[in-house]
Amino acid sequence: MDVSGHDRNARGQRARTRTRTGILLSAAAALAAAAIPVSASQPTAAPAPDPVVVDCFSKPQTRPEEYLLACGDGNNRLVDLHWTTWGPQTATATGTDMVNDCRPYCAAGRFRPYPVTVTLSHPQPWPDHPGTQRFSTIRLLYTDTAPSPVPKDVTYKLVYEPPPTPTPTP
């Protein structure tokens, strides 16, 4: 070190520079943390899942390739379904409605194809399945001819509630 003390001043200046740099970096980090929105650090609720369509066996289906319309006898089935939408309010597909003509009677009848556009709608809560919505109506729009005597545009209810349990009368 020389008599003038230049070496001491240089060390002091370096220490002050390091201190200032540390303070500036800390301030920058604090500002960056303050700029992040609070919502980014809070978990958000997951969106509700899209509704399902319930099949004849009470199983939930999403975008099924086939759907049995006639649960009792199997004489009406949607096949080759290609879903263009499946959302929280509606679902739409194109496919084929295979309908037994029951001529001369159903066991001897032939299944005939009818091109159809299918729309599911009116989601409702599914009892005993918390947080699950099920579509409650199905609309069939026949794009060519409809099976006789069905109209070309028909809507059916999908929600079948069990009949109320009878209560004994005293």
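The largest cavity in this predicted model has a volume of about 30 Å³. The count of cavities of 30 Å³ or more comes to one. Aromatic pairs number three, and Trp83, Trp86 and Phe135 form one aromatic cluster.

**Cavity lining**

- The residues that line the largest cavity are Val53, Pro64, Tyr67, Leu78, Leu81, Trp83, Val118, Leu120 and Ile138.
- Strand β4 gives the most to the lining of the largest cavity, with three residues.
- By class, the lining holds nine nonpolar residues, no polar residues and no charged residues.

**Aromatic pairs**

- A pair of aromatic rings is described by the distance of the centres and the angle of the planes.
- Of the three aromatic pairs, one is formed by Trp83 and Trp86, with 4.9 Å centre to centre and 80° between the planes, an edge-to-face arrangement.
- Both Trp83 and Trp86 are buried.
- Trp86 also pairs with Phe135: the ring centres are 5.6 Å apart and the planes are at 80°, so this pair is edge-to-face.
- Because Trp86 lies in strand β4 and Phe135 in strand β7 (residues 133-142), the pair ties together parts that are 49 residues apart in sequence.
- Phe135 is buried, as is Trp86.

**Where the two topics meet**

- Trp83 is one of the residues lining the largest cavity, and Trp83 also belongs to the aromatic cluster with Trp86 and Phe135.

Note on methods
Residues numbered from 1 in each chain as written. Predicted model: local features only at pLDDT ≥ 70, side-chain atom pairs only at ≥ 80, totals over all residues. Heavy atoms only, no water. 1 Å grid on protein atoms, 1.4 Å probe; cavity = no way out; pocket = protein on both sides within 12 Å on 5 of 7 lines; lining within 4 Å. Points joined across faces, edges and corners; volume = space filled by probe spheres on them. Helix = DSSP H or I, 4+ residues; strand = E, 2+ residues; numbered from the N terminus. Nonpolar A, V, L, I, M, F, W, Y, C, P; charged D, E, K, R; others polar. Phe/Tyr/Trp six-rings, centres within 6.5 Å; stacked < 30°, edge-to-face > 60°. Buried < 20%, exposed > 50% of the residue type's maximum accessible area, 1.4 Å probe, protein only.
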